[in-house]
Structures are given as C-alpha cells and as structure tokens.
Amino acid sequence: MTTRRPPPRGRRPAKALTAQDIVDAAIAIGDRESLDGLTMRRLAGELGFSTMALYRHFKNKDDILDAMADQVLGNLRLPEEIGPDPVTEARRIAEALLAMMREHPSVVRLLSTRTTASRGSLSGAFERVLARLRQSGLPPADAVCVYGLLLTYTLGFAAYQMPRPWGGDGEDAAELRRQRAHFYSALPAGEFPNMIELSPELAWLPTDRQFHAGLDVLLRGLAAGRP
C-alpha cells in the first residue's frame, strides 16, 4: 500500500499516488520555479504523500527529471504536414521548439543543465525532428547541423526571454518596453553612446519580433547553401 498522510477531517481520502501525478507536479514546480527547488521532500509535500511513496515509482530525482524530459520533449507538437522545402520545415521546427520551451520553462533548464538518454525525449524531440528535416530534402549531415542550429538558437532565445517580461505581448509588455527604452536612453552619454542612440530597438531584443528576425538570418544562410 502507498503511504500517505492522513487527509484533513471531513474530506474523503484522495486516490492512490501514480507516477503521472509525480511527473505532473515536478513539471509544475520546474516551470514556475527552478530545478534546484525540485526535491523529493518538496514533491511529497506538494502531493500530500510521504517521501517513501515517491520512491515506489522513481529511484531518485534524476529518474524523475528523465520522466519530465520524456513528457515534455517526447510530446513536442509539430505540424502534421512536412514543409515543402528545408527552409519552411526548419522554420516550423524552430517555432514548435520555442512554443514548447515557452509553455514549459522547465525544459529550458533541463536542456541547459543535464543530458538525458531517456527514449521518450530522444524519440519526440530528436529522432522525429531529424526524420522530418531529411524528408524535407536535407542530406543526412546537413540535417544534423540544422537540427543543432535550431535547438541551440531557440534554447538560447528562450533562456534570454524568460526573465525579461518586456519581451511578451499585450499592453503590459508594451509599457515595460517603453520603460526599458527609457532606462537605456538615460544611461551616461559618455559611457553608452550606442545604447542611448539605439535604445528604442534594444527594448525589442527579448520579443518574438527579434526571434523571427534572427531566425530569418539563419534561414537565409540555409537557403543560400542549397542548390
């Protein structure tokens, strides 16, 4: 039997703890906080079970991190149809990767701090993407190169965008961009002449506009290298 803490009076006992419950709670903590804050004790407290109950499903924290990678990376959402050419397909993949990282910031931390050999993550975000790049017309070695380029570009951009709320959409983000541009423009002129002159554009660095501008540069290079 799974060990659990006594439920509050007047409430019926919750259902038995499952591995999926643990993974969902771990992803939630990783998304809103950090992987450092993700401990077996913390997870047990969130779920209302004893720590021993978690060890009945997972050997340790690394085992849980692999399961998180399997769930997030393994379920990377890509368009059903493969693009008509490598450039179109590469753009679709980059947009899908960024959407996944934005939805689950925990995957940015997972990819930036550890490696995984779990098959779910390798299948969903590695094997499947390589297959699509090759099917779109890229030779094998080029498919690997483009995959690495797309992954590192989106990973770096997502990590940069995460702590900068003025990179978002909507009126609140627009106001924060205005304030950020004002901050840049108010820097000492003798030390920061370029940042002052370019302050309106600098405020757009963590936005999707910048992401697509950078992606266009990368894809133009890909297109130029194609016959």
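Where is Asp63 found? Hi everyone, let's start there. This is a predicted model, and in it Asp63 belongs to helix α4, which covers residues 61–73. Asp63 has a relative accessible area of 23%, so it counts as partly exposed, the class between under 20% and over 50%. If we skip its neighbours within four places in sequence, Asp63 is in contact with His57 and Phe58. Have a look at Thr116 too: it is 53 residues from Asp63 along the chain, and the two C-alpha atoms are separated by 9.9 Å.

Now for the core. The largest nonpolar core has 52 residues, and Leu43 and Met68 touch the most other members. Helix α5 gives the most to this core, namely eight residues. Let's stay with Met68 for a moment. Its contacts, leaving aside neighbours within four places in sequence, are Val23, Ala26, Ile27, Leu35, Leu38, Ser106 and Leu110.

Two of those names, Ile27 and Ser106, come back in the next part. Helix α1 (residues 19–32) and helix α6 (residues 105–113) have axes that come within 7 Å and cross at roughly 85°. That angle lies in the 65 to 115 range, so α1 and α6 are roughly perpendicular to each other. Who meets whom there? From α1 we have Ile27, Gly30 and Asp31, and they meet Pro105, Ser106 and Arg109 of α6.

Next, helix α12, residues 208–224. Which residues of α12 are buried? They are Phe211, Gly214, Leu215, Leu219 and Leu222. These residues cover an arc of only 135° around the axis, so they sit on the same side of α12. The buried residues of α12 pack against α5 (86–103) and α8 (140–161). On the other side of α12, Arg220 and Ala224 are exposed.

Last stop: Leu187, in the loop between α9 (170–185) and α10 (193–197). Is Leu187 buried or exposed? Its relative accessibility is 17%, and because the cut-off is under 20%, Leu187 counts as buried. Leaving aside neighbours within four places in sequence, Leu187 is in contact with Phe192, Met195 and Ile196. Pro79 is 108 residues from Leu187 in sequence, and their C-alpha atoms are 45 Å apart in space.

Note on methods: Residues are numbered from 1 along each chain as its sequence is written. This is a predicted model: local features need pLDDT of at least 70, side-chain atom pairs count only at pLDDT 80 or more; totals for chains, interfaces and linings use all residues. Side-chain values use heavy atoms; hydrogens and water are left out. Buried means under 20% relative accessible area, exposed over 50%, partly exposed in between (1.4 Å probe, protein chains only). Helices (H or I, at least four residues) and strands (E, at least two) are DSSP runs, numbered from the N terminus. The arc is that of the directions from the helix axis to the C-beta atoms. Contact means heavy atoms within 4.5 Å. A nonpolar core is a set of buried Ala, Val, Leu, Ile, Met, Phe, Trp, Tyr and Cys residues joined through side-chain atoms within 4.5 Å. Axes are lines fitted to C-alpha atoms, for helices over the stretch in contact, and angles run from 0 to 180 degrees between N-to-C directions. Angles under 35 degrees count as roughly parallel, over 145 as roughly antiparallel, 65 to 115 as roughly perpendicular and the rest as oblique.
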